[in-house]
Amino acid sequence: MDDTLTLDTRDGLPDALRVLLQDFPRETWPEHNNFAGLVAFWLDRHLMFRRLMTALIDDAEQAVDRKIDAQTHAGKLSRYGSMLLQNLHGHHQIEDHHYFPVLATREPILNKGFELLDADHHAMDGLLNRFADGANAVIQGKTEPGKFREDLLSFQAMLNRHLIDEEELVVPVILKHGPGGLG
């Protein structure tokens, strides 16, 4: 894969993978007939990931500022961190093994995009492992929350890059072709 397209280096999808986005711009998605149901649910999952990341970062900042004690922070980190890890793993498995193969057959010109998103998921496996290791270190009192917060900010940036690119590739395909065979 082109090094400029890796998750940690790209700043968006290449124009060749944004062709359907021109016909289905983001601001029109909620009004489209194929939005309700699967697309709305899928985007809601992405929103949940973003909210969990924000909560984790906010909690780490509160721990650094001593606005919450280590035990409270550890409990919240354990709960929200586990939720993020479990849901992201499950979400990615469904996409890699079901959604992406089906969607790639509907829009073969976007196959490289689905390969790119699959590569993101593999790259994110390492990020998720580092997240788990960092969270466990904070919970066990082996790492300061400030260092973990910095790692969270980096992880958030890459997760958001992936989610935006995934939305801009996947949603227009579903809006164009409908959700049949994906549910």
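**Burial and contacts in a predicted helical chain**

At 2% relative accessibility, His121 counts as buried, where buried means under 20% relative accessible area, exposed over 50%, and partly exposed in between (1.4 Å probe, protein chains only). The structure is a predicted model, in which local features need pLDDT of at least 70 and side-chain atom pairs count only at pLDDT 80 or more, whereas totals for chains, interfaces and linings use all residues. Residues are numbered from 1 along each chain as its sequence is written, and side-chain values use heavy atoms, with hydrogens and water left out.

His121 is found in helix H4 (residues 111-139); helices (H or I, at least four residues) and strands (E, at least two) are DSSP runs, numbered from the N terminus. With neighbours within four places in sequence set aside, His121 is in contact with His92, Glu95, Asp96, Phe100, His162 and Glu166, contact meaning heavy atoms within 4.5 Å. His121 and His162 are 41 residues apart along the chain, and their C-alpha atoms are separated by 8.7 Å.

The secondary structure of the protein chain consists of five helices and zero strands, and the pattern read along the sequence is α-α-α-α-α. The radius of gyration, taken over C-alpha atoms, was compared with a globule rule of 2.2 Å times the number of residues to the power 0.38. For 183 residues, a compact globule would have a radius of gyration near 16 Å, and the 18 Å of the protein chain agrees with this. The C-alpha trace spans about 50 × 35 × 25 Å along its principal axes. Of the 183 residues, 43% are buried. Among contacts with a separation of 6 or more, 84% are between residues 24 or more positions apart.

Confidence is expressed as pLDDT, the predictor's confidence in each residue, from 0 to 100. The protein chain averages a pLDDT of 95, and 98% of the residues score at least 70. Among the elements, helix H2 (residues 38-64) has the highest mean pLDDT (97), and helix H1 (residues 19-23) the lowest (94).

Two residues of helix H5 (residues 145-177) were examined. Asp165 is placed in this helix and is buried, with a relative accessible area of 0%. Apart from neighbours within four places in sequence, the contacts of Val170 are Trp42, Phe100, Leu103, Phe114 and Leu117. Val170 and Glu115 are 55 residues apart in sequence, with 12 Å between their C-alpha atoms.

Two loop residues were also considered. Pro25 is found in the loop between H1 and H2 and is partly exposed, with a relative accessible area of 23%. The C-alpha atoms of Pro25 and Glu168 are separated by 8.6 Å, although these residues are 143 residues apart along the chain. Arg66 is found in the loop between H2 and helix H3 (70-106). At 72% relative accessibility, Arg66 counts as exposed. Arg66 has a positive phi of about 60°, although it is not a glycine.
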